[in-house]
Amino acid sequence: MVIERSAMVVEKRERMREGKGTCELTLLGGRELQKHCRVLSEIVIPAGASIGPHQHSGETEYYIILEGNGLVDDNGTPTPVKPGDCVVTGGGAVHSIEATGGLPLRMIAMIVTDA
């Protein structure tokens, strides 16, 4: 199956997870995903905007950073991220991410549920 970009659903979310600004999500796999894949999206976080802190229990979230720079709060530890980095959060851990450096941050976000 091929899903053309023009057919993908795009959503704008203000203050995502109580973060700052408006993030844009492109649902890469549509709303009907595989059994253990809850989310598969490209997310663009404008400069200075963020996704607020949230926890992952019974699932693991992956952020694959494509463009821009950011600061991840990785379960209480602030960690800078850049293109090519992969953030992995699961096992009840909490994370958030903010676009830093004056440019938008573009990433792929995938949430996989535990078996």
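**Note on the predicted model**

1. Among contacts in the protein (heavy atoms within 4.5 Å) between residues at least 6 apart in sequence, 62% join residues at least 24 apart. The model is predicted: local features need pLDDT of at least 70 and side-chain atom pairs count only at pLDDT 80 or more, while totals for chains, interfaces and linings use all residues. Residues are numbered from 1 along each chain as its sequence is written, and side-chain values use heavy atoms, with hydrogens and water left out.

2. The protein has 10 strands and 0 helices, where strands are DSSP runs of E of at least two residues and helices are runs of H or I of at least four, numbered from the N terminus. The radius of gyration, taken over C-alpha atoms, is 14 Å, close to the 13 Å that the globule rule (2.2 Å times the number of residues to the power 0.38) gives for 115 residues, so the protein is as compact as a globular protein of that length.

3. Buried residues (under 20% relative accessible area, 1.4 Å probe, protein chains only) make up 37% of the 115 residues.

4. Beyond its neighbours within four places in sequence, Tyr 63 is in contact with residues including Ile 51, Ile 97 and Met 107.

Methods:
Buried means under 20% relative accessible area, exposed over 50%, partly exposed in between (1.4 Å probe, protein chains only).
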